[in-house]
Protein chains: 2
Amino acid sequence: MKKHTVTEIGHVHSPYREQAGTPIQPSFGDPRDAEIHIEPEFRAGLEDLNRFNRIWVISWLDRSSSYKLRVIPYRDTVERGLFSTRAPSRPNPIGISPVRLISVDIEKCLLKVRGIDLLDGTPVLDIKPYAPRFDSHPDDAAGWLDNSQHTQTADDRFEKRG
Amino acid sequence: MKKHTVTEIGHVHSPYREQAGTPIQPSFGDPRDAEIHIEPEFRAGLEDLNRFNRIWVISWLDRSSSYKLRVIPYRDTVERGLFSTRAPSRPNPIGISPVRLISVDIEKCLLKVRGIDLLDGTPVLDIKPYAPRFDSHPDDAAGWLDNSQHTQTADDRFEKRG
């Protein structure tokens with residue numbers, strides 16, 4: 001199967017140092033502030049972002065372990081097919097996190113965000129604007145998630161072992 | 001800057017052969033059906049997906065051209081910072097498309113979806129469930145997009161030239 005190369009464009013600076021205790025989705029848990037540092041060569045791409053309330057942080061989940069195709073997700077007690085879960089350990093460990101955008105400092109290439117679910121140091125691959133017109137579908141059924149327990153923070157089940 | 005390798009896990013089979021005329025977002029344009037073929041080695045990961053109404057198709061936008069940090073997006077008439085747009089030509093051309101899931105054929109590793117904005121043959125990197133609880137934020141301000149024109153299909157401005 002064909003491969004492609006992705007390049008880190010920045011990093012997350014968050015209060016979360018290990019998976020246990022990290023919010024499992026941006027909407028949950030203690031909404032602590034975090035920063036996203038973008039490499040200076042991409043500075044001009046940050047213009048016009050400041051008027052958006054929310055952004056997608058597309059990240060490389062570098063601390064996830066090797067994947068299994070059936071997993072017990074955080075919010076469930078039985079095994080589910082991996083692609084029906086948001087588990088971080090995946091064939092391509094790409095994360096999509098919709099986070100509240102607090103401020104944009106173009107000079108410093110620095111975004112302040114709230115409610116991130118990513119570990120400190122997580123590489124960033126892309127930033128996209130959150131557009132309710134495209135992205136918001138409040139009434140869709142969400143399979144097993146609709147009946148799942150309300151766990152809001154992670155444990156270490158998907159963490160890479162030393 | 002550090003690089004990582006992504007591997008194609010499947011492909012989109014859509015009615016769209018070129019960027020001009022393709023819906024610019026899954027929510028817009030003629031909601032024609034498309035298929036996603038997943039490689040058989042990932043079959044077990046598709047279980048439990050059938051009860052979701054919507055999925056995220058994470059794709060590699062292989063027909064996008066080299067990127068510019070300031071672009072005139074489809075829905076606007078002035079230049080915007082690239083990361084405030086959903087333009088396909090990006091440092092990492094990763095697409096996130098929330099599409100309606102019509103059916104899942106696990107035996108054939110085949111997903112039928114509606115309303116895709118991806119060209120025929122686009123490589124797929126990941127499938128994630130759409131979860132309104134995480135992903136739906138209907139009331140967020142969307143910057144320049146809130147005042148933009150209602151163009152619903154693409155032209156060829158981001159297409160790779162021969």
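**Note on the predicted two-chain model**

1. In chain B, B:Arg100 stands opposite B:Arg114 in S8(B), and the two strands concerned, S7(B) and S8(B) (residues 110-114), pair in the antiparallel sense over 5 bridges. Helices (H or I, at least four residues) and strands (E, at least two) are DSSP runs, numbered from the N terminus, and two strands are said to pair if DSSP finds at least two bridges between them.

2. This is a predicted model, in which local features need pLDDT of at least 70 and side-chain atom pairs count only at pLDDT 80 or more, whereas totals for chains, interfaces and linings use all residues. Residues are numbered from 1 along each chain as its sequence is written, while chains are lettered from A and ligands numbered from 1 in the order in which they are written.

3. B:Arg100 is also the bridge partner of B:Arg54, and S4(B) and S7(B), which run antiparallel, are joined by 7 bridges. S4(B) is likewise antiparallel to S9(B), with 5 bridges between them, and here B:Val57 has B:Ile127 of S9(B) as its bridge partner.

4. Because 7 of the 7 residues of S4(B) are buried, this strand is largely enclosed by the rest of the structure; a residue is buried if 20 or more other C-beta atoms, placed from the backbone, lie within 10 Å of its own, exposed if 12 or fewer, and partly exposed in between. B:Arg54, B:Trp56, B:Ile58 and B:Trp60 point one way from S4(B), and B:Ile55, B:Val57 and B:Ser59 point the other way.

5. These pairings belong to a closed barrel of 6 strands in chain B, which runs S2-S3-S8-S7-S4-S9 with antiparallel pairing. The twist from one strand to the next averages 45 degrees, where axes are lines fitted to C-alpha atoms (for helices over the stretch in contact) and angles run from 0 to 180 degrees between N-to-C directions.

6. Between the chains, 63 residues of chain B are in contact with 63 residues of chain A, contact meaning that the C-beta atoms of two residues, placed from the backbone, lie within 7 Å. S9(B) gives the most to the side of chain B that touches chain A, with 6 residues. Strand S1 (residues 3-7) of chain A and S1(B) pair in the antiparallel sense over 5 bridges, with B:Lys3 as the bridge partner of A:Thr7.

7. Chain B can be laid on chain A with an RMSD of 0.0 Å by a turn of 180 degrees and a shift of 0.0 Å along the axis, the superposition being by least squares on the C-alpha atoms of residues with pLDDT of at least 70 in both copies. The two copies are therefore related as by a two-fold rotation axis.
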